[in-house]
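Biologist: I have not looked at this one before. Can you take me through it, one topic at a time?

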2 protein chains.
Amino acid sequence: MEHKPAVGVIGIGQMGMGVAMTLLRKGFPVRVRDLRREAEDEARAAGATTCATPAELARGCAVIITLVVNAEQTDSVMFGADGALAGLARGGVVMMSSTVAPSYAQGLALRLGERGVLLLDAPVSGGPARAHAGTMSMMLAGEAAAMDQCRPVLEAIADKRFHIGERAGDGSKAKIVNNMLAGVNLAAACEAMALAIKLGLDPRAIAEVVSASSGASWMFSDRMPRVLAGDYAPRAALEILTKDLSILLDAARELNFPANIAQAAHQAYVDAVALGHGAEDDAALIKLYQTLAGIELPQR
Amino acid sequence: MEHKPAVGVIGIGQMGMGVAMTLLRKGFPVRVRDLRREAEDEARAAGATTCATPAELARGCAVIITLVVNAEQTDSVMFGADGALAGLARGGVVMMSSTVAPSYAQGLALRLGERGVLLLDAPVSGGPARAHAGTMSMMLAGEAAAMDQCRPVLEAIADKRFHIGERAGDGSKAKIVNNMLAGVNLAAACEAMALAIKLGLDPRAIAEVVSASSGASWMFSDRMPRVLAGDYAPRAALEILTKDLSILLDAARELNFPANIAQAAHQAYVDAVALGHGAEDDAALIKLYQTLAGIELPQR
């Protein structure tokens with residue numbers, strides 16, 4: 001039987017919990033750590049080992065996946081008091097799967113390298129349902145040794161694995177480029193749907209036309225049914241794409257790259273957050289246009 | 001055998017020629033009119049009847065499809081000297097399939113109505129290949145009588161027929177809303193792909209990631225292979241989406257609707273036209289970013 005190495009999962013929010021459950025289901029010993037007691041309880045009930053600190057978690061495994069919220073939390077669970085680096089043996093690998101600035105991922109690879117630890121820059125895509133099913137997409141960048149060591153874990157949790165390159169940071173770059181498109185396409189979808197309503201068209205007819213025509217996008221097809229249903233319960237909070245677009249714009253500015261369309265879309269997200277919609281589903285971006293243009297949105 | 005009424009096609013460019021050929025193939029008598037002699041010769045060789053003027057064309061049929069470039073040409077072939085209205089009998093129908101401002105379509109319905117002629121506001125989508133195959137999409141708005149009279153023709157030329165409503169203008173509204181999304185999604189695709197190249201990523205890897213992820217759009221999947229192949233031979237000229245976005249922005253302005261993202265995208269198209277790329281394929285929008293950001297694009 002194939003040896004299944006113990007895997008540590010730090011950050012068991014929606015995505016991390018999905019990964020932990022998938023690994024348990026496929027026979028991997030799983031060690032978890034989260035600040036939220038109820039998340040740890042849920043993982044323990046499913047067979048995971050909970051750990052008092054990231055350091056303790058790291059003492060029991062050679063591969064750690066971090067799925068915390070952002071770069072700040074990644075830094076804290078790695079380098080803080082009782083951080084994972086205090087427990088991880090030389091030769092271990094950190095799969096960093098949060099969405100962060102590419103420059104952060106590059107720097108992290110150097111800082112881990114000084115301690116003999118490898119970084120796999122490994123952002124994920126696909127949402128909680130696919131994390132639970134083991135069918136996420138992953139954008140992978142890192143040295144061959146890191147890839148090799150993570151291979152059985154990657155094959156267990158992701159069915160689309162894009163190998164972007166050898167340089168840490170390139171996975172994060174691919175992720176923010178994809179998310180820039182997701183963010184702009186959703187903002188355009190909301191602007192177009194709101195304008196259609198303002199023009200007096202039936203939003204259901206427009207959704208049907210666009211989905212079958214050249215204006216189609218993954219975000220339009222995924223999010224506009226929520227608008228038609230008046231359902232803004234957060235599956236992905238609006239503030240997440242807001243953050244992703246701001247990471248993208250920071251990277252563009254460093255390169256003097258003119259990202260005007262991303263900038264216009266980002267402004268729409270910022271405005272929607274300012275109006276109080278940041279914790280709603282990102283389809284609630286259309287409420288910005290509701291406020292500005294006085295349209296009536298479909299009700300739940 | 002079902003009666004196949006004679007159909008007039010005014011404007012046999014790429015789309016109009018496709019429609020004429022489809023109708024001929026399906027057994028409709030077809031009368032054509034175009035200012036370009038070689039287009040008329042091609043249609044005649046395939047069995048169409050060529051006509052010296054729009055009025056002469058109209059004398060032989062009760063259903064006319066106009067597929068000229070814009071509102072100005074539509075006005076000229078309808079109301080100009082020897083225009084179609086001089087020949088069209090009362091009760092005839094004009095299927096206006098060019099992309100025009102919704103307000104133009106609304107006004108046209110009234111002007112035709114004064115002469116006892118019905119308007120079907122019937123913009124098309126799908127490109128020349130689908131026009132030739134008889135599998136276009138059409139967005140249809142008009143009175144039931146106009147729809148009824150056009151039904152056999154519509155069923156012959158379009159396999160996706162979206163009935164938007166009874167009011168002329170609503171078809172054109174649906175069309176410009178779809179094309180706004182096509183225009184923004186393509187501009188975002190070019191901006192994202194150019195930024196990916198500036199970030200040092202492999203454009204082929206990015207195309208693969210995005211196509212399988214949340215950033216996917218119809219325009220990305222259709223146009224980015226042209227960028228990867230360095231192939232900017234015009235299938236749809238860049239100036240067309242430029243015009244479509246400006247029609248959309250005019251309609252938005254009339255309603256005081258804040259179409260900021262469409263505005264940002266439109267500016268990118270205007271800039272690309274200013275740089276001399278208007279007659280190239282619309283995928284050449286990425287050359288704007290090449291010029292501004294100094295990136296190297298894939299070569300043919």
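Biologist: Which side chains of chain A meet in a salt bridge at 3.6 Å, N to O?
Modeller: Those of A:D170 and A:K173. A salt bridge here is a side-chain nitrogen of Lys or Arg within 4 Å of a carboxyl oxygen of Asp or Glu. This is a predicted model, where local features need pLDDT of at least 70, side-chain atom pairs count only at pLDDT 80 or more, and totals for chains, interfaces and linings use all residues; side-chain values use heavy atoms, with hydrogens and water left out. Residues are numbered from 1 along each chain as its sequence is written, while chains are lettered from A and ligands numbered from 1 in the order in which they are written.

Biologist: Where do A:D170 and A:K173 sit along the helix?
Modeller: They are three residues apart in helix α8 (residues 170-198) of chain A, so about one helical turn separates them. Helices (H or I, at least four residues) and strands (E, at least two) are DSSP runs, numbered from the N terminus.

Biologist: Are A:D170 and A:K173 buried or exposed?
Modeller: A:D170 and A:K173 are both buried. Buried means under 20% relative accessible area, exposed means over 50%, and partly exposed is in between (1.4 Å probe, protein chains only).

Biologist: What about B:D170 and B:K173?
Modeller: Their side chains meet in a salt bridge too, at 3.6 Å from N to O. B:D170 and B:K173 lie three residues apart in helix α8 of chain B, about one turn of the helix, and both are buried.

Biologist: Which residues are joined into one network by salt bridges that share partners?
Modeller: A:D222, A:R223, A:R226, A:D231, A:R235, A:D281, A:D282 and A:R300. Within that group, the side chains of A:D222 and A:R223 meet at 2.5 Å, N to O. A:D222 is partly exposed at 25% relative accessibility, whereas A:R223 is buried, at 8%.

Biologist: How many salt bridges does the structure hold over all chains?
Modeller: There are 34.

Biologist: And how many of them cross the interface of chain B and chain A?
Modeller: The rule finds zero salt bridges there. It does find 18 residue pairs in polar contact across that interface, with both residues at pLDDT 80 or more. A polar contact is a pair of N or O atoms within 3.5 Å; within protein, one must be able to donate a hydrogen and the other to accept it, and residues adjacent in sequence count only if both atoms are side-chain atoms.

Biologist: Which part of chain B gives the most to the side that touches chain A?
Modeller: α8(B), with 20 residues. By class, that side of chain B has 40 nonpolar, 11 polar and seven charged residues. Ala, Val, Leu, Ile, Met, Phe, Trp, Tyr, Cys and Pro count as nonpolar, Asp, Glu, Lys and Arg as charged, and the others, Gly among them, as polar.

Biologist: How many residues are in contact, and what area is buried?
Modeller: 58 residues of chain B are in contact with 58 residues of chain A, contact meaning heavy atoms within 4.5 Å. The area buried between the chains is about 5,000 Å², and carbon and sulfur atoms give 74% of that. Buried area is the accessible area (1.4 Å probe) that two parts lose on being put together, summed over both.

Biologist: Why do you say the copies meet through the same surface?
Modeller: Because 100% of the interface residues of chain B are also interface residues in chain A.

Biologist: Different topic. What is the phi of A:D82?
Modeller: Near 55 degrees, a positive value in a residue other than glycine. Most residues other than glycine have a negative phi. A:D82 is in the loop between α4 (71-79) and β5 (93-96) of chain A, and counts as partly exposed at 46% relative accessibility. Phi of B:D82 is also near 55 degrees.

Biologist: Last one: what does B:P102 touch?
Modeller: Not counting residues up to four places away in sequence, B:P102 touches B:G169, B:S172, B:K173, B:I176 and B:I247. B:P102 is in helix α5 (residues 102-113) of chain B and is buried, with a relative accessible area of 5%.
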